[in-house]
Amino acid sequence: VQLQASGGGLVQAGNSLRLSCKYSRSAFRRSMAWFRQTSGKEREFVAAFRWTDGEKYYSDSAKGRFTISRDSTEEMVFLQMNNLKPEDTAVYYCAAEPRGDSYALPQYKFWGQGTLVTVSS
């Protein structure tokens, strides 16, 4: 399984950004997620969806502002981020197939390389 995240950049607070994660065909039947990480901190859960029924999960900080979605035709997973805040600044990673039952733990089998999001105040 290969994952490649893109779409990061520098934006002002209040604006939007959409991250993309291109996945290989072998990731099609796998639950996927977005995490983020800042220097010196552990990787933090942002959003996930369960491939079996499309159920979506969000962190408290992401609820109401971020939306995870998938385009199966294009083999892409997206993270639409609205009303960005400076505290959203981080490297964002897409991940596939959680090792356990929790979608919120950074224990996924496959990871993309990360894309940097910087939100200025």
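Predicted model: local features only at pLDDT ≥ 70, side-chain atom pairs only at ≥ 80, totals over all residues.

Residues are numbered from 1 along each chain as its sequence is written, and side-chain values use heavy atoms, with hydrogens and water left out.

**Exercise 1.** Work out how many helices and strands the protein chain has.

*Solution.* Start with the DSSP runs: helices are H or I of at least four residues, strands E of at least two, numbered from the N terminus. The count gives 0 helices and 11 strands.

**Exercise 2.** Compare the radius of gyration of the protein chain with that of a compact globule.

*Solution.* First, take the globule rule, 2.2 Å times the number of residues to the power 0.38, with the radius taken over C-alpha atoms. Next, check the extent: the C-alpha trace spans about 40 × 30 × 25 Å along its principal axes.

**Exercise 3.** Describe the setting of Thr115: is Thr115 buried or exposed?

*Solution.* Begin by placing Thr115 in strand S11, residues 115–120. Its relative accessible area is 9%, so Thr115 is buried (under 20%; exposed is over 50%, partly exposed in between, with a 1.4 Å probe and protein chains only). Then list its contacts (heavy atoms within 4.5 Å): leaving out residues up to four places away in sequence, Thr115 touches Ala5, Ser6, Gly7, Gly8, Leu19, Ala90, Val91 and Tyr92. Finally, look at Gly8, whose backbone nitrogen lies 3.0 Å from a polar side-chain atom of Thr115.

Notes:
Polar contact = N/O pair within 3.5 Å; in protein donor to acceptor, adjacent residues only side chain to side chain.
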